[in-house]
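Reader: I'd like to go through this fold with you feature by feature. Could you give me the general idea each time, then the case at hand?

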Amino acid sequence: MIKQREPIVAIATPFGESAIGAIRLSGLGVLEKIKDLLIMKGEPKPRYAHFVKLKDQEGDILDEGIFIYYPSPKSYTGEDMVEIFLHGNPLILRKALELFLSKGIRLAEPGEFTKRAFLNGKIDLLQAEAVADIIGSKSERALKSAQRQLQGELSSFINSLRERLLEILAYVEADIEFSEEDIPTLSKEQLINLLKDIDQNIQKLLSTVKTGEFLRRGINLAIVGKPNVGKSSLFNALLGQERAIITPIPGTTRDFLQESLTLKGIPINLIDTAGIRHTEDPVEKIGVERSLQKLKSAHMVLFVVDGGKPLSEEDKNIYHMVKDLEHIVIINKIDLPIEEEVLKAFPEAVKVSAVKKEGIEELKDKTLQKLGVYISDGVQVYITLRHENLLKKSQEVIKSLINRLGLEELSPEIIMLDLREAINYLEEIVGLLTTEDILGSIFSRFCIGK
Ligand SMILES: Nc1nc2c(ncn2[C@@H]2O[C@H](COP(=O)(O)OP(=O)(O)OP(=O)(O)O)[C@@H](O)[C@H]2O)c(=O)[nH]1
Ligand SMILES: [Mg+2]
């Protein structure tokens with residue numbers, strides 16, 4: 001099952017000065033290839049930390065450090081592997097890399113170590129994807145979800161659906177082959193019920209994609225409105241720090257500001273924008289244009305109006321742009337007397353006082369709720385767009401089969417074809433069924449050395 005491929009090498013730690021820099025090598029006969037560059041006592045013991053000196057081709061010592069040899073199959077990739085930990089100086093690491101390259105070892109592509117681990121059956125495709133997510137996670141919740149995926153939680157959920165479909169397939173197959181004999185078969189009703197249950201389980205997983213994407217990529221939340229309504233004050237209140245400049249002068253914020261925060265473990269990219277109004281000031285004009293761009297590209301717009309003032313044409317114009325986007329209307333300055341007109345115009349609005357920090361928690365809750373961020377204690381893994389796409393295809397086949405079963409007599413052969421198709425999509429998710437293209441697109445987003 002384990003296949004050893006051509007040896008590859010990569011620096012596995014980030015570029016820059018650090019205490020330690022790691023180099024990884026993997027592939028057929030990798031130890032033999034580099035052996036004459038190493039000075040160490042005795043033969044390397046498997047998975048044992050050895051003190052080592054690394055020689056260059058002139059025989060000078062390049063550096064010293066720790067060396068570990070992992071003979072196949074007990075390694076990350078399943079191949080023979082070596083890890084060397086040197087001093088974290090980019091010059092040393094670069095030189096060491098060149099030495100290994102000169103021994104006919106090729107530079108690894110992004111994610112190639114993990115790809116080999118997958119190809120050798122050490123992990124499935126979902127776990128391989130989780131490795132990239134663990135490295136890239138921007139919030140604790142995202143990290144936790146990736147960890148669970150690495151532990152195989154999503155894989156076992158998908159595998160159990162696949163196994164249930166395979167079981168149904170076996171029944172239908174038996175129905176053809178042993179139709180004369182007295183063996184248990186599924187009634188049409190039983191078949192439909194089993195399929196409906198699988199459909200529901202797929203639906204459950206599908207409902208996690210939005211949250212999953214937000215967890216991985218974060219949410220762009222843009223605060224917009226006309227000048228002086230308190231956008232920057234709200235920005236600071238949400239951040240919990242005095243980041244943006246606030247003054248009573250309309251047009252204070254000239255360019256957009258971005259800061260990160262997390263809401264219930266979801267990474268948020270909060271954007272304060274310049275107040276939108278018609279202006280002849282060339283600098284402010286650019287700021288307003290940028291505000292409009294941010295408004296369009298945000299996952300959610302927080303549209304702020306000043307509750308203490310009657311609505312102006314500017315408010316109305318901005319609302320016109322916002323109303324068809326995901327948005328929340330915020331009436332700010334509720335510590336002052338509020339205009340009835342404003343309350344009437346936006347009965348659904350969240351009322352806050354950015355200065356007095358009132359209504360801020362409510363606003364946070366409402367934002368997540370409106371985005372459909374679904375944090376349950378049950379499902380803790382969140383699928384990606386790749387999984388969603390395949391799950392939807394599988395679900396479509398199952399749904400259509402359920403429909404047709406209810407309408408007409410289907411031959412077992414037809415049912416089997418559909419079941420097989422639904423199973424194939426699930427197999428593609430976990431990587432039982434893959435093509436070079438699929439693997440290429442998945443592993444290219446990894447960093448080199450992983
Ligand atoms: N009373 C009261 N005043 C507020 C509140 N929020 C903001 N202000 C005041 O409103 C004025 C404008 O606030 P900013 O936060 O700078 O407003 P802005 O929307 O960012 O303005 P521009 O950057 O010019 O577009 C300042 O004097 C704030 O102190 C509030 O909740 N209550
Ligand atoms: Mg401002």
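Reader: Which residue is the bridge partner of Ala222 in E10?

Author: Helices (H or I, at least four residues) and strands (E, at least two) are DSSP runs, numbered from the N terminus, and two strands pair if DSSP finds at least two bridges between them. Here Ala222 has Ile271 as its bridge partner in E10. Strand E8 (residues 219–224) and strand E10 (residues 266–272) run parallel and are joined by five bridges. A word on provenance: this is a predicted model, where local features need pLDDT of at least 70, side-chain atom pairs count only at pLDDT 80 or more, and totals for chains, interfaces and linings use all residues. Residues are numbered from 1 along each chain as its sequence is written, while chains are lettered from A and ligands numbered from 1 in the order in which they are written.

Reader: In what order do the strands of that open sheet of six come?

Author: The order is E9-E10-E8-E11-E12-E13, with mixed pairing. Strand E9 (257–263) and strand E13 (350–351) each have a single partner strand, so one side of each has no neighbour in the sheet.

Reader: And which strands does H9 lie across?

Author: Contact means C-beta atoms, placed from the backbone, within 7 Å. Axes are lines fitted to C-alpha atoms, for helices over the stretch in contact, with angles from 0 to 180 degrees between N-to-C directions. H9 lies across E8, E9, E10, strand E11 (300–306) and strand E12 (327–332), at about 155° to E10. Helix H11 (residues 313–322) lies across E8, E11 and E12, and runs at about 165° to E11.

Reader: Back to Ala222: what does it touch?

Author: Leaving out residues up to four places away in sequence, Ala222 touches Ile271, Thr273, Lys294, Leu295, Ala298, Val301 and Leu302.

Reader: How should I read the nonpolar core?

Author: In soluble globular proteins, nonpolar side chains tend to be buried together. A nonpolar core is a set of buried Ala, Val, Leu, Ile, Met, Phe, Trp, Tyr and Cys residues joined through C-beta atoms within 7 Å. Buried means 20 or more other C-beta atoms within 10 Å of a residue's own, exposed means 12 or fewer, and partly exposed is in between. The largest core has 103 residues, and those touching the most other members are Leu25, Ala222, Val224, Leu234, Leu302, Phe303 and Ile330. Helix H15 (residues 412–430) gives the most to this core, eight residues.

Reader: Is Asn228 buried or partly exposed?

Author: Asn228 counts as partly exposed because 19 other C-beta atoms lie within 10 Å. Asn228 sits in the loop between E8 and H9 and has a positive phi of about 75° although it is not a glycine.

Reader: How many residues surround ligand 1?

Author: A residue is near a molecule if its C-beta atom, placed from the backbone, lies within 6 Å of it. For ligand 1 there are 24, the closest being Gly230, Ser232, Ser233, Thr253 and Gly275. Helix H9 (residues 231–239) supplies the largest share of this shell, three residues.

Reader: What about the seven-stranded sheet?

Author: That open sheet is also mixed, in the order E3-E4-E5-E6-E2-E1-E7. Its edge strands are E3 (38–39) and E7 (106–107), each pairing on one side only. E4 (residues 50–55) and E5 (residues 61–70) pair in the antiparallel sense over six bridges, and Phe51 has Ile66 as its bridge partner in E5.

Methods. Contact = placed C-beta atoms within 7 Å.
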